[in-house]
Amino acid sequence: VVAEQLASPAALLWVLFMGVAWAAAVAGMAVDRERGQIRARLDKVGGGAYATRVQLGEGTLLAVYVAAQATSTSSLTTLGKLLVLVDGASLGLVLALLALTTCTNLASSIVAAVKINQATFIPMASCGSLVLNQATGLLLWGDGRTVRSWLSYAGVHVLILLGTYELSSADLCEHIRQRRSRAAETSLS
């Protein structure tokens with residue numbers, strides 16, 4: 001039953017999505033690292049006059065490192081479960097993927113701790129991990145077969161997400177207000 005579930009079109013599409021999301025997050029981390037090195041060189045040469053041109057924005061940094069954390073955390077859970085279900089060459093592949101996602105998880109945690117406000121990052125990464133784990137359970141592992149009340153299932157997840165948002169320093173309403181204000185200013189110019 002597990003092999004059939006893992007070979008379903010929904011499961012394969014989900015694995016593809018997670019792989020692409022993980023690769024995009026790792027690419028974003030690499031760009032951030034490279035741009036940080038460029039900025040350091042510019043600081044030495046030109047006194048930092050061009051530093052703001054090569055840095056990723058705060059929102060982009062948050063998105064990159066939240067994606068890295070969420071995809072690697074969710075993948076680690078799935079790969080850990082797969083360890084007992086595979087053998088031979090498949091076991092080698094799972095171990096290699098486990099090593100890659102562990103490195104991604106560790107590296108993104110360390111860099112995010114230095115570059116990003118943790119009062120925003122940790123709750124956002126937790127929410128991202130929760131949503132990806134929920135989707136992975138439903139699409140990859142067939143958790144939907146055991147859900148008795150979809151309203152309760154969705155409600156519990158929404159409550160956890162709202163509680164985590166409430167504890168964070170993120171203010172989505174203020175962000176939307178500022179974005180609309182900037183858009184109105186731009187359209188008036």
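**A charged pair and its surroundings**

Modeller: Lys-115 is partly exposed, because its relative accessible area is 40%; buried means under 20%, exposed over 50%, and partly exposed in between, with a 1.4 Å probe and protein chains only. The model is predicted: local features need pLDDT of at least 70 and side-chain atom pairs count only at pLDDT 80 or more, while totals for chains, interfaces and linings use all residues. Residues are numbered from 1 along each chain as its sequence is written, and side-chain values use heavy atoms, leaving out hydrogens and water.

The partner of Lys-115 is Asp-32, and the closest N and O atoms of this salt bridge are 2.7 Å apart. A salt bridge here is a side-chain nitrogen of Lys or Arg within 4 Å of a carboxyl oxygen of Asp or Glu. Asp-32 counts as buried, because its relative accessibility is 6%. Lys-115 sits in helix 5 and Asp-32 in helix 2, so the pair ties together parts 83 residues apart in sequence. The structure holds 1 salt bridge.

Now the helices. The chain has 8 helices and 0 strands; these are DSSP runs numbered from the N terminus, helices being H or I of at least four residues and strands E of at least two. Contacts can be sorted by sequence separation: of those between residues at least 6 apart, 74% join residues at least 24 apart. Contact means heavy atoms within 4.5 Å.

Next comes the interior. Of the 189 residues of the chain, 30% count as buried. The largest nonpolar core has 12 residues, including Ala-25, Met-29, Ala-112 and Ile-116. Such a core is a set of buried Ala, Val, Leu, Ile, Met, Phe, Trp, Tyr and Cys residues joined through side-chain atoms within 4.5 Å. The elements that give this core two or more residues are helix 2 (9–46), helix 4 and helix 6 (118–139). Helix 4 gives the most, with 6 residues. One core member, Val-66, touches Phe-121, Met-124 and Ala-125, not counting residues up to four places away in sequence. In soluble globular proteins, nonpolar side chains tend to be buried together.

His-157, in helix 7 (residues 150–167), is also buried, because its relative accessible area is 13%. Leaving aside neighbours within four places in sequence, His-157 is in contact with Leu-130 and Gln-134.

Leu-83, Val-84, Leu-85 and Leu-95 make a nonpolar surface patch of about 360 Å². Patches are made of residues with over 30% relative accessible area and no salt bridge, like charges being joined within 9 Å and nonpolar side chains (Val, Leu, Ile, Met, Phe, Trp, Tyr) within 5 Å. Val-84 lies in the loop between helix 4 (58–82) and helix 5 (89–115), and counts as exposed because its relative accessibility is 71%.

Last, the cysteines. Cys-103 is exposed at 52% relative accessibility, whereas Cys-127 is buried at 14%. The whole structure has 0 disulfides, a disulfide being a pair of cysteine sulfur atoms within 2.5 Å.

Technical notes: Areas by Shrake-Rupley, 256 points an atom, 1.4 Å probe, with all protein chains shown as cover.
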